[in-house]
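Student: Please put the model up. I have a list of questions about it.

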Amino acid sequence: MPESKPLTETLEPRAGVGERLARMIRVPTVSAELDARGPEPFEAFVALLAELYPLVHEHLSLERITDFGLLFRWPGAAASDRPLVLMAHYDVVPVDESDDWTYPPFEGRIEDGWVYGRGALDDKGPLAVVLEAVENLLSVAFTPARDVYLSFGGNEETYGAAAAEIATTMRERGIVPWLVLDEGGAIVDAPLPFALGDAAMVGVGEKGVLTLRLSARGDGGHASAPPQLTAVRRVARAIDRLDARTFPARTPPAITRMLSLSADHAEGAPQVLLRTLATAPWLTARVFARMGGEPAALVRTTVAATMQQGGTAANVLPSQASATVNLRIALGETVAGTLRRVRKRIADPLVEVAVLESSEPSPESPTDNAQFALITEAVQASYPDASTVPYVIMAATDSRHFHRFSPAVYRFAPLEMSNAQRASIHGVDERVEIASLERGELFHRRLIERLM
Ligand SMILES: [Zn+2]
């Protein structure tokens, strides 16, 4: 567009983003404590948004879908049923009373250019920068090229229905999003051991979840004359058999692409190494699986035994024992296939395997399309030093309700998250830098402005 400078370069954003986020943090929208706190914080939050973003509420329609889903629609210049959907959630996880926060988690404290409090990163900060961008664009009477929807859920952290219902509603109306953007990745520093500089990690897929209960029964009796296999031993043996080698390691295409893009930003020997890995997915799978932890989780289904129980007294044989196992299913695999493999691996018909919860892994969104190019352009405008890199996220997001009918779903919040900050999510001293909120606003402004 040679005739005029983009608004992203000339528009003066409204000051006070940090203070507005701090006010959002002060409303304790803890979805897991809904019963104890009641719905008031959620209603107060919805009212606060209307106060903080008057133009958004004047120019966009707002629909309440279920008690906790907010769906804003900003009509575009051309009628189209292929909108941009920007997602976030306004509920937060509880605070552990025994944790030692520097500032009280719901005080919304601003200190040295940082906003502290529960939800600063997950996910009120990302929600705020979406609204800031829309408000700023409306202040200069901007109209997006296509419809823009803002989809905000109030029970993401409790796997609630708000986002699922929003997705269902849109689908029933024949709306297939052109691009869906939700939480997941962020701007991180040196995401790989050898890569240099900042990277915008964009989640192009998310792993599935499978939670199982393994249980076994025994004869009970006195512990002084035990049989070979008690119920506890049987369950322990089953868990032992579900070791890291239970599932094959395979490199998703997104990770190969991540390596090749990271190689472009590396030098010397690390660059050679990254390039080698990028051209040999089988090698990457082996190396990452060997590394364990996060690298291994990128290339295979993981298994973690999380809870165990059985027995009633120190000298009594347990008549019953069980363990809970949490699996994260790799892209390209299925819940059914994973379950089959678990049973085969345990190889013990007396261990009962029950499914407690399951969700399929997402498909992988492409990186060679206009949508990914647009995200890359918006990153360049807001974080010029960061390269845009696809990857796979381990956690589940609300966007999973869209990927079944929308092919371009990406998980990325345009905020800087250091390792320490990432640890503060669902943890202690969650915080975001105001300078990063300002860049996040710029990201969304550019994204909306450059829609075609
Ligand atoms: Zn979240």
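**Reading the model**

Student: In which helix is the place of threonine 256?
Tutor: Helices are DSSP runs of H or I with at least four residues; strands are runs of E with at least two; both are numbered from the N terminus. Threonine 256 falls within residues 253–264. That run is helix α9.

Student: What pLDDT do local features need?
Tutor: Residues are numbered from 1 along each chain as its sequence is written, and side-chain values use heavy atoms, with hydrogens and water left out. This is a predicted model: totals for chains, interfaces and linings use all residues, side-chain atom pairs count only at pLDDT 80 or more, and local features need at least 70.

Student: Is threonine 256 buried or exposed?
Tutor: Buried means under 20% relative accessible area, exposed over 50%, partly exposed in between (1.4 Å probe, protein chains only). Threonine 256 has 17% relative accessibility, so it counts as buried.

Student: Which residues does threonine 256 contact, leaving aside neighbours within four places in sequence?
Tutor: Contact means heavy atoms within 4.5 Å. By that test, threonine 256 touches Thr251, Ala278 and Pro281.

Student: How many residues apart are histidine 89 and aspartate 122?
Tutor: Both residues are buried. Histidine 89 is in strand β3 (residues 84–89), and aspartate 122 is in the loop between β5 (114–116) and α6 (124–138). The pair links distant parts of the chain, with a separation of 33 residues.

Student: How far apart are the end C-alpha atoms of helix α16?
Tutor: The expected span is 1.5 Å times one less than the number of residues. Helix α16 (residues 434–449) has 16 residues, so it should span 22 Å. The model agrees, at 23 Å.

Student: Which residues have the most contacts inside the largest nonpolar core?
Tutor: A nonpolar core is a set of buried Ala, Val, Leu, Ile, Met, Phe, Trp, Tyr and Cys residues joined through side-chain atoms within 4.5 Å. The largest has 88 residues. α6 gives the most to this core, with 8 residues. Those with the most contacts inside it are Met24, Leu150 and Phe152.

Student: How are the rings of phenylalanine 45 and tyrosine 90 paired?
Tutor: Rings of Phe, Tyr and Trp (its six-membered ring) pair if their centres lie within 6.5 Å; planes under 30 degrees apart count as stacked, over 60 as edge-to-face and the rest as tilted. A search of the whole structure finds 9 aromatic pairs. In this one the centres are 5.1 Å apart and the planes at 5 degrees, so the pair is stacked.
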